[in-house]
Amino acid sequence: MWKLCRRRSREAESFKEQGNAYYAKKDYNEAYNYYTKAIDMCPKNASYYGNRAATLMMLGRFREALGDAQQSVRLDDSFVRGHLREGKCHLSLGNAMAACRSFQRALELDHKNAQAQQEFKNANAVMEYEKIAEVDFEKRDFRKVVFCMDRALEFAPACHRFKILKAECLAMLGRYPEAQFVASDILRMDSTNADALYVRGLCLYYEDCIEKAVQFFVQALRMAPDHEKACLACRNAKALKAKKEDGNKAFKEGNYKLAYELYTEALGIDPNNIKTNAKLYCNRGTVNSKLKKLEDAIEDCTNAVKLDDTYVKAYLRRAQCYMDTEQFEEAVRDYEKVYQTEKTKEHKQLLKNAQLELKKSKRKDYYKILGVDKNASEDEIKKAYRKRALMHHPDRHSGASAEVQKEEEKKFKEVGEAFTILSDPKKKTRYDSGQDLDEEGMNMGDFDANNIFKAFFGGPGGFSFEASGPGNFYFQFG
């Protein structure tokens, strides 16, 4: 019996030496196999478990490594490297408090052990990062939480809890690809991880893929029925989807008042859902434009682009509202933004139209001077000229102050100039199209308001105004 034990012990040592050789070559899988053979031959040897734990740590299998390290110190509580490996596994898995206990035990056995001293500091640093992250998460300072988790993960690379918290904060910051990568990486290793399923759904939810998001939330709740965050997110996603669809239906049916109310209710469900809320603001802006509430529509579209500055549809809607309210400079800015984002023929034409309207707006508005609509008929233009010319004729204001006479003379000239342009089809066409009227001999300085007046009213020379009742005048030629 004694000889058998010695033989088994020698074989176990041989396996251990071969494992050591493979470990030195960084062939950790083979090293693992030989350390396992050594344990099978001699299961009461602490160092064999310690060596296999070290190998499993190199393979990133920290949970299995922890089991071996714990077994090694159960067999030999004075095994310093066993305590160090146990602490390292605890720390790598994110259990910094348990890690501290292991490193403290190692220091009790060897108070000068430099590795134990450093790892103890690392474990305390991780606990501090955890505390800071917890406070900052409550403050919604998600960037700081991500920073803390990145620092903690340098010491705890296998901690799913830290990774999940980081991924959730990345999602809240709108960094969805990064968040999805972290969550998907965890799900590859553990497809039933409810937290990872929740974060995966959260990313889809915030990217306005609500149906797919609900599927992940439901799956997370199957794995963990009491998962509060998944439950709340699932409820919000379903409510948001229903309200948005009801609003769209009301809009299509022409019930704009109801659509406005439904979109407003939807906006109150989850202020964190930036992409969906941007669309809701834009939709409500469209409703407001239909209700002729153009300033409200502009405000809604502005809120939409504040949430998502790449949202072309919102810029287009706002630009059209700016055009409708004759805020042409703002319209040009929006159309420029759209064209820079999507260089299509349609967007180029919209920009050109806005630029033309802006150019036209900087000239005299002859329609406004005569007080007529841009679609006024020839007769309406003549009637308007008759009224305005008589209203501003200098002779009517001969008894007024010099300042008033000067202002009325200026208006009289503008009225004559406006009539000259708008009563001539060729000039009117050029004016409406935004072309320069000074071209082709149409010099605006050549117009004589008195001659235009005489030609219109048919008089041979001078004329005078006389009162025909309170506030009424008639004129006669001399």
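Hi everyone. Let me start with a term: a residue is buried under 20% relative accessible area, exposed over 50%, and partly exposed in between. By that scale F251, at 24%, is partly exposed. Please keep in mind that this is a predicted model.

F251 brings me to today's topic, the aromatic rings. Its partner is Y256: the two form a tilted aromatic pair, 5.4 Å centre to centre with 55° between the planes. And where does Y256 fall on our scale? Its relative accessibility is 23%, so Y256 counts as partly exposed too.

Now, how many aromatic pairs does the structure hold? There are twelve. Another one I'd like to show you joins Y198 and F217. Their ring centres are 6.1 Å apart and the planes meet at 35°; planes under 30 degrees apart would count as stacked and over 60 as edge-to-face, so this pair is tilted. What I like here is the link between distant parts of the chain: Y198 belongs to helix 11, residues 194–206, while F217 belongs to helix 12, residues 210–223, and the two are 19 residues apart.

Are these two buried or exposed? Y198 has a relative accessible area of 7%, so it is buried. F217 comes out at 0%, so it is buried as well. Both also belong to a cluster that ring pairs build from Y176, Y198, Y205, Y206 and F217.

Last, a look at charges over rings. K37 places its charged end over the ring of Y34, 4.6 Å from the centre. Over at Y339, it is K343 that lies over the face, 5.6 Å from the ring centre.

Key
Residues numbered from 1 in each chain as written. Predicted model: local features only at pLDDT ≥ 70, side-chain atom pairs only at ≥ 80, totals over all residues. Heavy atoms only, no water. Phe/Tyr/Trp six-rings, centres within 6.5 Å; stacked < 30°, edge-to-face > 60°. Helix = DSSP H or I, 4+ residues; strand = E, 2+ residues; numbered from the N terminus. Buried < 20%, exposed > 50% of the residue type's maximum accessible area, 1.4 Å probe, protein only. Lys NZ or Arg CZ within 6 Å of the ring centre and 35° of its normal.
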